[in-house]
Amino acid sequence: MTGSTAASFTADDYRARMERAARTAAEAGLAGLLVAPGPDLVWLTGYTPPAVTERLTLVLAAGQDPVLVVPALEAPDARRASGAAALTLRDWTDGKDPYAATAALLGTSGRFGISDNAWALHLLALQRALPGSSYASLTEALPMLRAVKDAAELDLMTAAGAAADATFEEIRNVPFAGRREAEVAADLDRLLRRHGHEQVDFTIVASGPNGANPHHEAGERVIARGDMVVLDFGGLRDGYGSDTSRTVHVGEPTDEERRVHAVVREAQEAGFRAVRPGAACQDVDRAARRVIADAGYGEYFIHRTGHGIGVTTHEPPYMIEGEERPLVPGMCFSVEPGIYLPGRFGVRIEDIVTVTEDGGRRLNTTPRELVIVE
């Protein structure tokens with residue numbers, strides 16, 4: 001069964017988020033925030049519009065109590081949102097100019113943070129209505145807005161991780177040999193939903209040489225005995241993300257396959273052990289990458305070590321060289337090193353990790369050794 005984040009958070013929770021968002025925006029020198037439908041809006045207000053629409057919907061936080069601008073025909077749904085009591089609602093009817101009304105509510109020119117997924121249609125119209133305004137994406141202006149999870153969010157992240165783990169424990173027992181990658185991917189989708197995911201974002205099944213492509217789309221290749229198979233899957237459960245990777249082998253692996261898997265496992269452990277408050281994000285990447293480079297496979301580790309996760313499955317912070325942002329308790333991100341040998345096979349091992357007061361805690365606990373499947 002699936003749940004709902006609306007049942008998990010109160011109007012006070014959303015009020016606290018909006019206050020923090022406005023305060024963080026002011027500290028960043030922004031005149032305010034404009035939050036369009038999408039993950040930022042859900043996180044701030046608990047409101048998801050009933051349909052994708054060209055009609056303007058925005059939360060405005062600009063030195064005043066937050067205002068939700070919403071089409072009149074959707075106002076009843078907005079009033080039922082979990083965070084509605086923490087908002088002032090302003091509806092507009094078809095035939096009126098919502099941009100002039102929104103500009104009047106902003107009341108000032110300046111630089112605003114705006115959701116990454118805001119429509120260009122709306123942004124350009126707001127610029128015309130407020131010629132002195134300029135805009136920065138929230139990922140650019142406030143990349144850590146959703147990065148630190150509170151206790152309730154961590155509970156939901158933990159449950160999502162447990163559901164992904166339960167999926168792996170079942171998928172390792174299905175037949176692999178003689179079946180198409182797409183068939184196993186369909187099994188993953190079905191199992192994730194059975195374990196409570198309302199949304200499945202990806203089900204990578206990359207067998208044999210396809211495993212050397214980190215973002216391989218499961219296809220028509222028939223999995224054979226002797227194949228290494230990278231499994232990477234996740235989505236949203238009760239509005240919060242899961243993402244885990246394990247690499248299995250169909251039948252008995254070669255010595256080289258065992259060796260490469262062992263190197264990746266050691267690198268993943270090193271990345272996890274680098275997680276602690278105050279460490280830089282790049283320290284996690286460096287720790288994992290060093291193990292792979294020392295083993296002679298450095299050129300075959302071709303992506304960052306990790307990405308943040310929360311109400312989306314990919315978000316800041318990123319575990320990558322050059323990211324000096326310090327880790328903070330409550331951050332959640334993947335640790336997923338890999339080795340990809342072109343034309344031959346690939347290996348990736350991934351856990352979601354949260355930063356604790358004295359280190360890190362894995363949200364995925366399934367075996368990380370090489371699993372043999374049939």
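Guide: The second largest pocket holds about 370 Å³ of space, where a pocket is, on a 1 Å grid over the protein atoms alone, an open set of points where a 1.4 Å probe fits, with protein on both sides within 12 Å along at least five of seven lines, and its lining residues have an atom within 4 Å of a point. The volume is the space filled by probe spheres set on the points, which are joined across faces, edges and corners. Twenty residues line this pocket, and I204, P214, H215, D232 and H314 are the closest to its centre. By class the lining has five nonpolar, seven polar and eight charged residues, with Ala, Val, Leu, Ile, Met, Phe, Trp, Tyr, Cys and Pro counted as nonpolar, Asp, Glu, Lys and Arg as charged, and the others, Gly among them, as polar.

This is a predicted model, in which local features need pLDDT of at least 70 and side-chain atom pairs count only at pLDDT 80 or more, while totals for chains, interfaces and linings use all residues. Residues are numbered from 1 along each chain as its sequence is written, and side-chain values use heavy atoms, with hydrogens and water left out.

From the lining one can follow β11 (residues 306-308), which pairs with β12 in the antiparallel sense over three bridges, pairing being assigned if DSSP finds at least two bridges between two strands. G306 has M319 of β12 as its bridge partner, and the two strands are joined by a hairpin through six residues. Strand β12 (residues 315-319) is largely enclosed by the rest of the structure, because four of its five residues are buried, that is, under 20% relative accessible area with a 1.4 Å probe and protein chains only.

The largest pocket has about 670 Å³ of space and is lined by 33 residues, of which P37, G38, V42, T48 and P49 lie nearest its centre. Here α2 gives the most, with three residues, and the lining divides into 18 nonpolar, 12 polar and three charged residues.

How values were computed. Buried < 20%, exposed > 50% of the residue type's maximum accessible area, 1.4 Å probe, protein only.
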